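Student: I would like a close look at a single part of this model. Please take it step by step and keep it brisk.

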Amino acid sequence: MIVIKPKVEIFTELNGVDILKHIERCGRVCYKSEGKITENSYGPFVKSIIDRGHEAVLEHFSITVKFTCDRGVSHEIVRHRLASYCQESTRYCNYGKDDFGSQITVIEPLYLERGSESYTAWEKACCYAEMHYFNMLNFGHTAQEARAVLPNSLKTEIVMTANLREWRHFLKLRCATSAHPQMREVANILKEKFKESIPIIFDDIQ
């Protein structure tokens, strides 16, 4: 069994200034103020539409992200309906094959301290599930049947494509202190990546 930490990868090539200029070009059609576009007008314009709540304009640019997380977190991610998804399938992925090193991979919960009793209990439970998953395969069951015994901590990769407005909504919900700690973990990673790559759009999200 392999234990890893979650991670986030942005598939879309991001040029923050170009994104803001694109949003400005789209949004100024509403006001027929295209003549006010200058080399540096995109920043104040985009900030003003966010401040006014005119976030429909942000739907004119989409970003694709791959989350590597556990199955439980992925179930929360797909609750965001205004997005498109592709996810690693336990129906078709047979973790007994060489492609997967003939072992399962699980995500380490950030709230468990290595060496603690609770961490050891979690690790043993995952190992036990792995053993019985391979038993099921050896009994002749298909991967989609054997998956019934896999743990919630099983690593999955899920690709999500959403527009900027939906990403703002996603981060507001999933970075909140009330969010599940493992959901917050990947959401905060993404938030920092977005803030680093794209000015203004995500600056107000804590």
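Student: Which residues line the largest cavity?

Tutor: A caution before the list: this is a predicted model. Pro-6, Cys-69, Asp-70, Val-73, Ile-107, Gln-182, Glu-185 and Val-186 form the lining of the largest cavity. Its volume is about 30 Å³. A search of the whole structure for cavities of 30 Å³ or more returns 1.

Two elements, strand S3 (62-70) and helix H7 (181-197), each supply at least two of the lining residues. H7 gives the most, with 3 residues.

The buried residues of H1 are Gly-16, Ile-19, Leu-20, Ile-23, Glu-24, Gly-27 and Arg-28. Seen down the helix axis, they fall within an arc of 160 degrees, so they line one face of H1. H1 covers residues 16-31, which is 16 residues. At 1.5 Å a residue, the helix should span 22 Å. The C-alpha atoms at its ends are 23 Å apart, which agrees. Just after H1 comes Lys-32, with a positive phi of about 50 degrees.

Key. Residues numbered from 1 in each chain as written. Predicted model: local features only at pLDDT ≥ 70, side-chain atom pairs only at ≥ 80, totals over all residues. Heavy atoms only, no water. 1 Å grid on protein atoms, 1.4 Å probe; cavity = no way out; pocket = protein on both sides within 12 Å on 5 of 7 lines; lining within 4 Å. Points joined across faces, edges and corners; volume = space filled by probe spheres on them. Helix = DSSP H or I, 4+ residues; strand = E, 2+ residues; numbered from the N terminus. Expected span 1.5 Å × (residues − 1). Buried < 20%, exposed > 50% of the residue type's maximum accessible area, 1.4 Å probe, protein only. Arc of directions from axis to C-beta.
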